[in-house]
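Biologist: I'd like to learn how to read a model like this one. Can we go through it feature by feature?

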Amino acid sequence: MNTSPFPQIYLDANATTPVLTSISDSVLQSMTINFGNPSSSHIAGLTAKNLLEQTRQLGKQLIGSKEGELLFTSGATEGIQTAIVSVLNQYLQEVHKGISKPVLLYGATEHKAVPNTLKHWNAILGLNADVLEIPVNNEGILDYQFIAQHIPQAVMICTMAVNNETGVTQDLQALEKVIREHNPEVAWLVDCVQALGKVPLHMDSISIDYAPFSGHKLYTPKGIGFLYIRSGRPYIPFIAGGGQESGMRSGTENLPGIAGLHTLFSLLNSQNEVFQPHDKLQLHRDMLVSALQDTFTNIRFHHTFELSVPTTLNFSIDYLTGKELIDLFDAAGIRVSGGSACSSGVTSSFVLEAMGLSDWQCSNAIRMSFGPADSTEFIVKACKAIRSMKSLLSTGTWVDGNDSNCSQWSGFTWLNYQSTGCWLFISKEKEAIVLNPIDPLLAKLKYCFDAIDTKRLAFLLTNENCKDENIERNIKRVFGKSARILKLESSKSEETLVSGKDWQVTSTFEAERQSVIFKWNCEGGERVIYVADLPDEQIRSRKFTEGEVFISQGKIYLSKQEIKRNQSCLKRKEGELVALMTRKEVASWIDTYDAQVLDIRETGEHQASTTELAKKLSQNESECIVNVPAGRVVNAYIDGTLDPQKSYVIVCRSGRRSLQVAEMLSSLGFTRVANVTTGLALL
């Protein structure tokens, strides 16, 4: 249940959709009333069989097929397996194979289920064909010349009707022309998962051999799909057993899922008010585009709208990472994704890479997708929620550039990007020093520095950083001549690199490694931060002066005197962290230790969900909630915002960032630290 002050706005329909009420009603009826087994010969079985066959006919009518087969599956992935195994098996069974060096072709922007399946069964079945990727142009359209060159040797070619990340549509008639002119018999599979309900399909008027579909992308339950097979094309059962589906797919049919398809097909085949016409979908897209452009500057859309279905938008913003955007959208109650939800752990879009987009766009793209059944009223609410984020952005990214924002970010900040990042120091006089800048963050830094009207700017490049030949050139390109660049790879003696009022940055050389030292005066006196890349044993054996913080390879070190000063009378084992998983555990820990809730999300995320935080974590004690973004934790320790003598419950969206901060505070001598391992999302 969504407890955010914002209602949940679900804009990730290409990943999955909610089940429509009319569809869920039919699913429930097939589970409670018409629940017979279609293979049974009594009336209950015959009734179930009739529903199954009616659904098959409605599906064939929907996709424009009188001659072909429609086979019910568990989803598109099973349909892809079935088609590929059928084609490869038939080819291997032929006595006279007319191809001297067989190839398997697939589009560069295909869903990974297609090329991974091709490669898997190509190896398992021993075909050992060359698996070739068909390039696309910068609009995502397949290279017809490449197809014409390689299709004569092809056993199979796999393309898609609508791309799941960008919504780009392929011209199936033009593809058919180039394919059949050069190889009339090649097996042609077209992934139609994102096409159903969005583009018209006429299977009997085109020579597509196989077309997999998935129900949960269009309002039916997960676990049901279907495969179209052109009449006369090779087929082998992928699942053998009791011979259901006329021997084509064994196993008791998923009648509830099929009942859901029955209602879906009936709606799509009729004139109804559930699914919006194409012109209304285009209007909805225009409304969302306008809201995004009103909210974000420097927004880049990655596809040509005229070549895409209107239900998908793919974009990036120069100064916000994809993760920052998803977290911010999520905190505002808006659900979007960073690409295909089916590509777990992937940090860059192979679809956008194939289209030749920049590394930043490929790694930080956002996919916003709505469904053809979403109403105009819903889109209006979505646009309002998007525009409401503008105030959150001004809080979290220095948009307004006023003095309060500058002072909020003065001192020491870690800017994270995937598994790396850079350190940033900003003085009270708006002087900025960037240690080891990385290319992906230059646009973000430029946007921020312009917003706060930086008076002075310097970039420090240490040994590893200097090996990147492009970084110096790109800094000059982005920031111009006003940016000072210091390359430190040859410096082996301590020297002041840059300094200002009450602060200085020096370099030193220890054990053949370079360290950069930041010193500045704050209310607690002079503070010192060493940033280096030294082995643990080297750091632990060195002598620290009081007040020093040593950062190396993501770990933080203090002098023994500093740790002792920080630690309270409570004793705890080294490395032990308290893990909290339920609201009851959190409330108990807060009461027991008079703890503060430390929200380490970005300021905009925090601002968007203060009501949610109070409800989930501190009941009526909102004053016990403090927000320190993860990148500012070290600075908050230095300036005294975070007190080692106090107790903290640390939270973020998922529990991952908060765990890292909990470990960081532990290394700084904080003894009463608890992490909400489930994150706010699941608490």
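Biologist: What average pLDDT does the protein chain have?

Modeller: pLDDT is the predictor's confidence in each residue, from 0 to 100. The average for the protein chain is 85, and 85% of the residues score at least 70. Where pLDDT is low, the predicted coordinates should not be read in detail. Residues 1-6 stay under 50, and residues 395-404 also stay under 50.

Biologist: How many helices and strands are there?

Modeller: Helices (H or I, at least four residues) and strands (E, at least two) are DSSP runs, numbered from the N terminus. The protein chain has 24 helices and 28 strands. Of its 683 residues, 56% count as buried, meaning under 20% relative accessible area; exposed is over 50%, partly exposed in between (1.4 Å probe, protein chains only).

Biologist: Which residues of helix 23 are buried, and what covers them?

Modeller: Arg657, Ser658, Val661, Ala662, Leu665 and Ser666 are the buried ones. Their cover, judged by contact (heavy atoms within 4.5 Å), includes helix 9, helix 20, helix 22 and strands 25, 27 and 28. For length, the expected span is 1.5 Å times one less than the number of residues. The twelve residues of helix 23 (656-667) should span 16 Å, and the end C-alpha atoms are 17 Å apart, which agrees. Just after helix 23, Gly669 takes a positive phi of about 95°.

Biologist: Where is Asn163, and is it buried or exposed?

Modeller: Asn163 sits in the loop between strand 5 (154-160) and helix 6 (172-182). At 3% relative accessibility, Asn163 counts as buried. Its side chain reaches the backbone nitrogen of Glu165 at 2.8 Å. Leaving aside neighbours within four places in sequence, Asn163 is in contact with Thr109, Val168 and Val351.

Biologist: How many salt bridges does the count come to?

Modeller: A salt bridge is a side-chain nitrogen of Lys or Arg within 4 Å of a carboxyl oxygen of Asp or Glu. That rule gives 25. Take Lys177 and Glu181, whose side chains meet at 2.8 Å, N to O. Being four residues apart in helix 6, they are separated by about one helical turn. Lys177 and Glu181 are both exposed.

Biologist: Which residues does Arg233 pair with?

Modeller: Arg233 forms a salt bridge with Glu185, the closest N and O atoms being 4.0 Å apart. That pair links distant parts of the chain, 48 residues apart. At 17% relative accessibility Arg233 counts as buried, whereas Glu185, at 58%, counts as exposed. Arg233 also meets Asp209 in a salt bridge (2.9 Å, N to O). Asp209 lies in the loop between strand 6 and strand 7, and Arg233 in the loop between strand 8 and helix 7, so the pair ties together parts that are 24 residues apart in sequence.

Conventions
Residues numbered from 1 in each chain as written. Predicted model: local features only at pLDDT ≥ 70, side-chain atom pairs only at ≥ 80, totals over all residues. Heavy atoms only, no water. Polar contact = N/O pair within 3.5 Å; in protein donor to acceptor, adjacent residues only side chain to side chain.
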